Amino acid sequence: MNAQTQSSGRFLYTASVILLCAWVIVPLYFLLINTLSSPDTVNSFPKSFVPEFDLGSLQFFAGFAGMLTALKNSILVAGMTMIMSILIGAPAGYALSRFDFPGKGLFRLLILLTRAFPLPLLALPLAVMFIRTGLDDTVFGLALVHTTLAIPFSVLITFSLFSGIPLELEEAAWTLGCTRLTAFTKVVLPLILPGITASAIFAFVISWNEVFAAAVLTIENRTLTAFLLQNLDTSPLHLKFAGGFILVVPALIFIFAVRKYLFAMWGIANR
Amino acid sequence: MAVIEIKNVAKRFGEYQALHDINLTIADQEFMVLLGASGCGKSTLLRIIAGLETATEGEVWIGGKRIDHLPPKDRGIAMVFQNYAVFPHLTVFENIGFGLRMQKLPNDEVTRRVERTAGLMHIDQLLKRYSGELSGGQRQRVAVARALAMEPDVILMDEPLSNLDALLRMEMRAELKGVLAESNTTAIYVTHDQVEAMSMADRISVMHEGRIVQAASPIDVYRDPAERFVAGFIGNPPMNFLDATPQGAGQFLVAGQSFAGPSANKPLEFAIRPEDMTLSETGLTATAKVVEPLGAHLLVTCEVEGKLFRAVLDSDLRVSMGDTLTLAPMQDRIRWFDPDTQIAVK
């Protein structure tokens, strides 16, 4: 009887794992098939389950008016977000891990609270403010908003990275002739550089995937997500697939590359 | 060349007073051990000397220069940490040479000094390795070599051996003592291990609750504890204590026996080390409770007048549980303490 429950438990376990994997992988697979098929195949029926490796859809995507500019904008905004969120987030993470100051707990809470307000709630006042200051419809303005979204994560990731470096290493550097700054650049920085890179990539992905603020705050200088959304009802099926694929792949690769550090952020042991 | 003077140093963490008015002078090239239980303030004092912690009050002077306002790098010190603090992203060579590179010394000088100190610490085969490829003992050697390579006036060590296993600790203890004696630096060494303190120190400062209770040579600390705390802390097993009632004219009654003591005419505490007693015809009457044959000697835990009393006796003696022993203390090894002030009475 025991063996029976064990085997049925194992069956349930395996089935759940397969189901969950399928949940994630099947849509991605369809995306891949349809992107790598010619426009005709994409629009015809029945569908094939093997990609044709025809670059027609991707060519159409690249040729679509405004698409490449949108792609360029997306990269620009994400790049700026990446740099700004690290420049602001890493010092905050360092301060949180190394110094005791009044209101430290509240500060940590406030960082998380920035994610508590839904973006649609903020979008209208933001749009008005951006129009007043001339930041509307600019790559920089959108990067500012995305930086705000990315900062909680960059602070938390860098906080856990800095906390993982024993203070004694810094103290040893101080006694060996370093100032606080040189101890940081010669000892701490080399040790956390991989983690900082991961945090930067994560910020890049957040910006890359963000659609709402991008759609509201830009008109001419749309990012790829906003541009695809704008043309969603009018564009042909193969364009949607190609666009979706171009959006998903970098995010997927990057997140996979930095998964170790994202686990670390949530306090799961570094593997 | 590097006398260390600590003048009226106090340290408070909020309400908590970690150090009370510490005054201590450490002679040039002296090996000073700060000994105490955890939380006694010994590490805090060391970190104040290093500049990793600021004193709330007082001054620290090294080599006739006041240094308590200077950052660690300008104090002429090098430090060895309990957790080694070997930089994981650098090779052993670059770890040892780290401080020298910071001083912008020419390459051949760095190489010369790294190779010399690595040789001293027997790690010259490991120079190309990273700390992840080293054992705990090897890492500690790197940490010591890194400090020595700086050729500092003062070397500070914060429980450097406490993360090593017992055998390695004994080996490193002797080695460290030899290397430091040759390096002509003044050394301050923090430990909670009294064997380490006794075996390495020129002088021991016993610390208790943020105060230096006694600063003296190891044998003086052992033979003549300045306070009851030291008598009960140093020695394994520590001193035995019994109540003593004055009988006038420097005589005291201890457990029914009369002993010559100080001239003070008030109740005192009689103290004797377990090994300073012999079995004899006359003496303190003790009932053996536990007998532990330790090979080199026999440790007998007994009761004298209802109080715990230990004696270290010759291992050839046959003593069994429940035996009544007559223990004669060696007269010149008896010490007396004032139960009110806890201070030794002569």
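**Talking through the model**

Analyst: Happy to! Let's begin with one spot: A:Asp137 sits in the loop between helix H6 (119-133) and H7 of chain A. Please keep in mind that this is a predicted model.

User: What is phi doing at A:Asp137?

Analyst: A:Asp137 has a positive phi of about 60°, although it is not a glycine.

User: And how exposed is A:Asp137?

Analyst: A:Asp137 counts as partly exposed, because 16 other C-beta atoms lie within 10 Å.

User: While we're on chain B, where is the cis peptide bond?

Analyst: The cis peptide bond joins B:Asn236 and B:Pro237, with omega about 0°. B:Pro237 belongs to the loop between helix H8 (228-233) and strand S11 (240-248) of chain B.

User: Where is confidence lowest in chain A?

Analyst: That would be helix H13 (residues 259-265) of chain A, with a mean of 67, while H8(A) is highest at 92. As a rule, where pLDDT is low, the predicted coordinates should not be read in detail.

User: Let's go back to chain A. How many helices and strands are there?

Analyst: Chain A has 13 helices and zero strands. Its C-alpha atoms fill a box of roughly 75 × 70 × 35 Å along the principal axes. Of the 271 residues in chain A, 35% count as buried.

User: What share of its contacts joins residues at least 24 apart?

Analyst: The share is 73%, taken among contacts in chain A between residues at least 6 apart in sequence.

User: Now some helix pairs. At what angle do the axes of H7(A) and H9(A) cross?

Analyst: The axes of helix H7 (residues 139-163) and H9 of chain A come within 9 Å and cross at roughly 160°. H7(A) is therefore roughly antiparallel to H9(A). The crossing is right-handed.

User: Which residues make that contact?

Analyst: From H7(A) they include A:His146, A:Leu149, A:Phe153 and A:Ile157, and from H9(A) they include A:Ile192, A:Gly195, A:Phe202 and A:Ile206. By class, the contact has twelve nonpolar, six polar and no charged residues.

User: And what about H3(A) with H12(A), how do their axes cross?

Analyst: Helix H3 (residues 56-63) and helix H12 (residues 237-257) of chain A have axes that come within 9 Å and cross at roughly 85°. So H3(A) is roughly perpendicular to H12(A). H3(A) brings A:Ser57, A:Leu58, A:Phe60 and A:Phe61 to the contact, and H12(A) brings residues including A:His238 and A:Phe241. The class count here is six nonpolar, three polar and no charged residues.

User: Last topic, the contact of the two chains. How many residues does each chain give?

Analyst: Chain A gives 14 residues and chain B gives 19 residues. On the chain A side, helix H8 (167-175) and helix H9 (180-209) each supply at least two residues. H8(A) gives the most, with six residues. The side of chain A that touches chain B has nine nonpolar, three polar and two charged residues.

User: H8(A) keeps coming up. Which of its residues are buried, and what do they pack against?

Analyst: The buried residues of H8(A) are A:Leu169, A:Glu171, A:Ala172, A:Ala173, A:Trp174 and A:Thr175. They pack against H9 of chain A, together with helix H1 (42-50) and strand S6 (77-80) of chain B.

User: And what follows H8(A)?

Analyst: A:Gly177 follows H8(A), and its phi is positive, near 110°.

Methods. Residues are numbered from 1 along each chain as its sequence is written. Chains are lettered from A and ligands numbered from 1 in the order in which they are written. This is a predicted model: local features need pLDDT of at least 70, side-chain atom pairs count only at pLDDT 80 or more; totals for chains, interfaces and linings use all residues. Two residues are in contact if their C-beta atoms, placed from the backbone, lie within 7 Å. Helices (H or I, at least four residues) and strands (E, at least two) are DSSP runs, numbered from the N terminus. Ala, Val, Leu, Ile, Met, Phe, Trp, Tyr, Cys and Pro count as nonpolar, Asp, Glu, Lys and Arg as charged, and the others, Gly among them, as polar. Axes are lines fitted to C-alpha atoms, for helices over the stretch in contact, and angles run from 0 to 180 degrees between N-to-C directions. Angles under 35 degrees count as roughly parallel, over 145 as roughly antiparallel, 65 to 115 as roughly perpendicular and the rest as oblique. A residue is buried if 20 or more other C-beta atoms lie within 10 Å of its own, exposed if 12 or fewer, and partly exposed in between; C-beta atoms are placed from the backbone. A crossing is left-handed if the near helix is turned anticlockwise from the far one by less than a right angle, and right-handed if clockwise. pLDDT is the predictor's confidence in each residue, from 0 to 100.
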